[in-house]
Structures are given as structure tokens and as C-alpha cells.
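Subject: Structure handover

Hello,

Here is the structure for you to look over. My notes on it follow below.

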Amino acid sequence: MPFVTITLHEGKDKKFIKSLSEIIHTAMHETIVFPPDVLFHKIDEVKKEHMIYLNEFRNVKRSEDMIFVECTIKTGRTVEQKQAMYIRISEDLFTKLGVRKEDIIIILKENLPEDWYLQPK
């Protein structure tokens, strides 16, 4: 079950944010495989001065449209699945929303089932 935090500058419209979440959800579902009815996203819209990063890092120029995607998932995916997820998210955000691939940072955090709490049945 993934828990995703998406951080971006404030000011994007509701349609953009909804599409952003849907694109990330679909890409993750189809690459790292989890039930389609599992959706937990937290969207953090922050002031420009609250996203601090270098405008250029390792010869990659970043713009003011940076998006940080932090995915917390249970351990068990292969390196190939993870790489496919990174590629799919960045390509889909670019083709469907026009987000530059250079402006996307994806961080994957893995943990164990005992690290999760959900209301018991």
C-alpha cells in the first residue's frame, strides 16, 4: 500500500493537482503493482521560499515548477519495477501535464508491514 506525498509550489489549479495525483497513482499501480482501490496521497502546496533546492545540480537546470514525489511502500519490489515506476511517472507527467522531467524528483522509501497502522477491521 503506497502512501505518497507530493510537494509543489502553491498556485496550481485544482484540475492540475487532481491530474497530477491520478497520473502518479496510475503509473505506480501499473509498475509496482498494488490494488487499484488503494489511494493515499497528501498534497503539500508550499510557498516558493519553502522549497529550497539548487537551480542547477549535476548539470541539470531546474525551474520554479519543481515537484517532489515521496513514495512510501512496503518492501518487496524489484529494481526493475522501481526504475519502471520512475520512468513512467516522469514521462506521463511530461506528456500529460507538460512538467519538465528535470523538474521532477522521486524518492522511494521502503518499509515493513509492521511499520504501518491502519484502523483494524
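A word on classes before the notes: Ala, Val, Leu, Ile, Met, Phe, Trp, Tyr, Cys and Pro count as nonpolar, Asp, Glu, Lys and Arg as charged, and the others, Gly among them, as polar. Please keep in mind that this is a predicted model.

Cavity. There is 1 cavity of 30 Å³ or more. The volume of the largest cavity is about 40 Å³. Its lining is made up of Pro-2, Val-4, His-25, Met-28, Phe-34, Val-38, Leu-39, Phe-40 and His-41. By class, that gives 7 nonpolar residues, 2 polar ones and no charged ones.

Core. The largest nonpolar core has 26 residues. Ile-24 and Met-28 have the most contacts inside it. At least two core residues come from each of strand 1 (3–9), helix 1 (14–33), strand 5, helix 2 (79–97) and strand 6 (104–111). Helix 1 gives the largest share, 8 residues. Met-28 also turns up in the lining of the largest cavity.

Rings. The structure holds 1 aromatic pair. The ring centres of Tyr-53 and Phe-68 are 6.2 Å apart and the planes are at 80°, so the pair is edge-to-face; planes over 60 degrees apart count that way. The pair links distant parts of the chain, 15 residues apart. Tyr-53 is in the loop between strand 2 (41–46) and strand 3 (56–57), while Phe-68 is in strand 5 (residues 67–74). Tyr-53 has a relative accessible area of 21%, so this residue is partly exposed.

One more ring contact: the charged end of Lys-12 sits over the ring of Phe-16, 5.0 Å from the ring centre.

Best wishes

Definitions and conventions. Residues numbered from 1 in each chain as written. Predicted model: local features only at pLDDT ≥ 70, side-chain atom pairs only at ≥ 80, totals over all residues. Heavy atoms only, no water. 1 Å grid on protein atoms, 1.4 Å probe; cavity = no way out; pocket = protein on both sides within 12 Å on 5 of 7 lines; lining within 4 Å. Points joined across faces, edges and corners; volume = space filled by probe spheres on them. Phe/Tyr/Trp six-rings, centres within 6.5 Å; stacked < 30°, edge-to-face > 60°. Helix = DSSP H or I, 4+ residues; strand = E, 2+ residues; numbered from the N terminus. Buried < 20%, exposed > 50% of the residue type's maximum accessible area, 1.4 Å probe, protein only. Lys NZ or Arg CZ within 6 Å of the ring centre and 35° of its normal. Core = buried A, V, L, I, M, F, W, Y, C linked by side-chain atoms within 4.5 Å.
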